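Open the model in your viewer and get ready to select a few things by chain and residue number. We will take the tour one stop at a time.

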Amino acid sequence: MQRIEAAIEKAVRYRANGILITETFDLARKQAEAALQNGQTPFPVVIKDCFALKDYPTTCSSMMLESFVPPYTSKVVEKLISRGACIIGKANHDEYSMGTSSVLGHFGPVKSALEDASKYDWLVPGGSSGGSAVAVQAGLADMALASDTGGSTRNPAAFNGVFGFKPTYGTLSRYGLANSLDSPSIIARSAEECWKYFEYMTGKEVDDSTSTDSTKYLGKSSIKGLVVGVPREYHNEKLSEDGWQVWNSSLNNLKKNGALIKGVTLPFTKYSSACYHVITTVDVASNMARYDGIAYGYRPSEESSTYAMYAESRSTALNTVVRKRIIAGNFLLLRRYRKEFYERALKVRRLIKNELDKALGEVDVLVTPTASGTAPMYSQLRQSSYSREDEDDYFTQAANLAGIPAISVPFVRDYSLPIGIQVMAARKCDKLACDQTAHMNTITGLYVSS
Amino acid sequence: MLQTRILRRISAMTASTSSATPSTSEGHKDRSRYRPVIGLEVHVQLNTRTKLFSRTPAGLEAGPNRLVSPFDMALPGTMPALNKQAVMHALKMAKLLKCTVPEKSRFDRKHYFYADMPAGYQITQTDMPIARDGSFAFHVFDEHVEPYWKEVPIIQLQLEQDSGKTIHHGKKCCALVEIVTTPCLRTALEATCFVQHLRLILMHYQICLGELHRGHLRVDANVSLSYDGKPGTRIEVKNINSVRCLHTAINYEIERQFSLLSRGEKIVKETRAADPEGRTVSMREKEDDTDYRFIPEPNLPLLKIQPEWREMNDRWVETQPPPRFQKFRDEFGFNPRSALHLAEDETLSSFIERCAEHFVPLENLTANDILVWMKELKTTMQRSKDVYPPASNRFAEQFVRAIDLYKKNRITRLRMLDLLRNLSADQESRTVDQILDAEDLWKIENADEIVSDLLKSQEKISEKARQGHAKSFGRLRNLAVEGSRKRIDVDQIEASLKRLLGLKT
């Protein structure tokens with residue numbers, strides 16, 4: 001109970017950081033009582049606002065769903081609650097999880113708690129699950145539920161110095177989560193915790209036909225003899241000096257502790273960004289078709305015709321990023337372009353997946369940077385017209401296209417911002433990924449808990 | 001609705017995108033050079049307990065917006081879960097329509113905005129349907145056309161959501177299988193016979209409840225006119241809600257297209273709706289403008305058809321008794337026309353089945369005898385309060401026994417008619433044989449004895465008749481019939497009268 005009250009206190013203290021869209025303190029208290037009665041230890045949790053929570057607003061950080069209250073709860077959230085989770089609030093993020101900065105939500109930006117934030121400039125928390133990452137970093141929650149379509153969990157985890165785990169696609173049910181390529185993901189303060197919460201939530205669900213049973217392989221007990229693949233394509237002009245140094249020193253540490261370092265080449269990775277954009281915009285265009293303002297969502301005053309109402313509803317209540325993706329996705333699906341873009345992207349996706357599968361057949365894990373460097377300031381991001389977002393995506397998208405587990409481990413150094421290193425493992429080797437990340441963390445000793 | 005790709009496939013077969021342009025200046029007025037080309041898309045609403053992708057009950061009578069789950073509302077994050085019963089029904093249809101069932105099939109999203117379709121797309125199948133390349137054979141006939149056999153190739157069966165009725169009409173909104181035929185039908189009659197036979201089969205195997213006016217079966221017709229074998233422009237006719245409407249709408253469309261073409265005008269590719277009178281009216285211009293932007297449904301994995309599902313459904317279909325019209329036609333020997341007519345009527349069908357128990361083992365009785373006497377029975381019962389045909393087993397048995405006795409020449413036609421009246425009146429508890437024995441009503445072969453007695457007793461009339469007075473002859477005949485208590489055939493009485501009166505035969 002104390003833990004929950006402390007978390008609530010933190011949530012109040014960090015209100016200016018825009019972490020939560022909806023605070024659910026009373027719910028958390030009720031859940032804590034229920035957990036105690038069941039002999040469980042209550043733990044504070046924050047869930048990204050794109051996961052449905054029965055009887056509480058689920059906004060996807062959009063004006064479209066500002067007043068939407070779902071009559072059901074996401075499967076993964078249900079499972080967390082059944083293990084003693086107490087929901088402190090619904091976390092802020094980029095509108096419909098489209099973005100890598102958590103700046104563009106309808107309810108205002110999320111600001112990193114690592115540095116003092118002002119009204120006009122702040123340290124970007126990364127995204128889209130910025131609220132979730134800051135919540136864990138600032139102590140509002142032991143664990144935050146996030147989602148990851150192209151890096152949306154790992155990126156903010158790296159920027160805020162916490163762990164971000166995107167498991168194998170399908171091992172956590174998407175029922176109750178808005179987009180179809182999203183993977184429910186976990187932000188926590190250690191790899192062990194990531195695994196613990198993963199186990200709370202994993203399992204096949206009848207309502208989600210794409211869900212699968214998890215974990216074919218057990219982990220490995222130590223770093224010794226571990227074969228670590230280092231893909232050379234991740235060493236590129238996007239990677240910062242800082243990023244390179246941390247990556248390098250983490251590999252050296254692994255080597256010192258008995259890991260075998262092996263250079264790998266993944267030539268198709270350079271196409272992952274283009275491929276990812278085609279596939280996700282198409283998915284977005286299709287999934288967003290339901291937001292027409294008829295059955296639920298923003299209903300405009302314009303009702304002169306059904307089509308006028310659709311147009312008004314969608315152009316008023318969806319932000320520019322979302323609208324652009326919808327338009328691009330529909331364009332790419334037109335009969336005359338479909339073959340050239342969409343069908344090709346699907347083929348490229350297969351190549352990327354095969355390439356990663358093959359590499360992960362030869363090594364145990366791949367170790368890469370999670371992002372190009374440390375978190376930027378909002379002013380820098382604006383100056384670059386958000387081009388930094390695309391640069392960072394480069395490091396994380398391939399794992400989504402291949403559906404493999406990937407976890408970002410934070411390296412926090414004195415007097416400088418955290419940097420994330422990413423560990424990828426073969427499909428369903430989630431346990432291996434978590435274990436190795438844990439070992440890595442122990443041996444490198446670079447991570448300093450806040 | 002035809003999918004784009006199927007359209008292309010049909011186009012490849014018939015090259016139907018180019019319109020028929022008459023080559024000679026007057027040739028386009030020559031009706032004999034045109035040929036109707038008709039293809040059907042039949043939407044079969046499956047008889048399932050729940051909807052195709054949610055566990056909301058289907059087929060119940062509830063008000064609008066009552067039976068709706070979060071998935072049906074397309075709320076964010078909801079996902080489809082495929083109804084296995086629907087897959088089983090589709091596999092039964094595949095067996096009945098002799099289709100190939102690929103190992104895997106896929107669901108696709110077809111996007112368009114429609115106020116009654118909350119997701120902004122319909123989940124259907126296009127490139128990888130659950131079954132393909134089948135055929136369906138049936139008799140084509142009507143009052144004027146003698147039955148002939150027709151085999152229609154089926155392009156594919158696709159499982160899909162009933163898009164139009166997702167929320168409203170919550171009672172429906174269910175699983176559909178769309179049957180797409182090749183454009184091989186030539187007349188409205190062929191199309192209606194196809195639908196009538198298909199309907200009976202689907203109802204028999206409990207795949208569909210089969211009521212067209214309630215939307216259990218919906219038919220779209222694609223109609224074009226080829227000219228000298230060159231394909232014409234295809235018009236899709238929707239909103240057809242009865243077999244009669246299908247017939248008139250196709251004929252209307254054929255006439256409309258011919259009249260345009262014969263005036264040298266072009267057919268514009270479009271979708272038209274049938275109005276209640278079966279006329280077609282323009283709805284909107286079609287596929288050329290609508291791009292449905294298909295994508296594979298990301299929330300459903302490929303549907304892998306387990307071999308045991310197929311075996312189970314195939315076996316089930318094989319072990320069911322055949323549909324009534326088939327049984328009537330092939331086992332009982334009814335002609336195709338009567339077989340269908342009888343099968344479409346529950347009361348008549350069950351009457352036939354009750355009769356069949358008794359007449360099928362009899363070699364001298366044919367289905368036609370039953371038909372002939374059913375007609376007589378109907379006439380006989382017209383003025384009675386009882387329901388035609390009588391529902392009891394006893395009646396069916398005695399009905400057949402009476403026909404049998406008549407065929408064996410043991411009773412006269414008039415006696416037979418009397419028997420029908422007695423039996424159907426239902427106060428009669430005796431069997432036909434008991435009645436005949438008790439009242440001694442068996443047929444007498446020799447009329448001369450009764451006739452000569454009659455002539456002696458009716459000398460005046462006999463004399464008139466002898467001189468050729470027709471009325472008197474008729475009088476004598478009737479007296480003889482009565483005197484014999486209908487035990488002698490009228491023909492025999494007339495022959496005997498003529499002989500004994502010395503008249504020319």
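Our first stop is the boundary between the two chains of this predicted model. Between chain B and chain A there is one salt bridge. To see this bridge, show the side chains of Asp207(A) and Arg55(B), which meet at 2.2 Å, N to O.

Now colour the side of chain B that touches chain A. Helix H1 (4–14), strand S3 (108–111) and strand S12 (295–296) of chain B each supply at least two residues to that side. By class, this side of chain B has 20 nonpolar, seven polar and seven charged residues.

Next, select everything in contact: 34 residues from chain B and 36 residues from chain A. The area buried between the two chains is about 3000 Å², with 53% of it from carbon and sulfur atoms. Which residues of chain B lose the most area to chain A? Pick out Pro76(B), Met79(B) and Phe113(B), which together account for 23% of what the chain B side buries.

Move on to the strands of chain B, where S4-S3-S12 is the order of a three-stranded, antiparallel open sheet. Strand S4 (121–124) and S12 of chain B are the edges, each pairing on one side only.

For the last stop, select residues 272–287 of chain A, helix H8. This helix lies across S3, S4 and S12 of chain B and runs at about 65° to S3(B).

Terms used
Residues are numbered from 1 along each chain as its sequence is written. Chains are lettered from A and ligands numbered from 1 in the order in which they are written. This is a predicted model: local features need pLDDT of at least 70, side-chain atom pairs count only at pLDDT 80 or more; totals for chains, interfaces and linings use all residues. Side-chain values use heavy atoms; hydrogens and water are left out. Contact means heavy atoms within 4.5 Å. Buried area is the accessible area (1.4 Å probe) that two parts lose on being put together, summed over both. A salt bridge is a side-chain nitrogen of Lys or Arg within 4 Å of a carboxyl oxygen of Asp or Glu. Helices (H or I, at least four residues) and strands (E, at least two) are DSSP runs, numbered from the N terminus. Ala, Val, Leu, Ile, Met, Phe, Trp, Tyr, Cys and Pro count as nonpolar, Asp, Glu, Lys and Arg as charged, and the others, Gly among them, as polar. Two strands pair if DSSP finds at least two bridges between them. Axes are lines fitted to C-alpha atoms, for helices over the stretch in contact, and angles run from 0 to 180 degrees between N-to-C directions.
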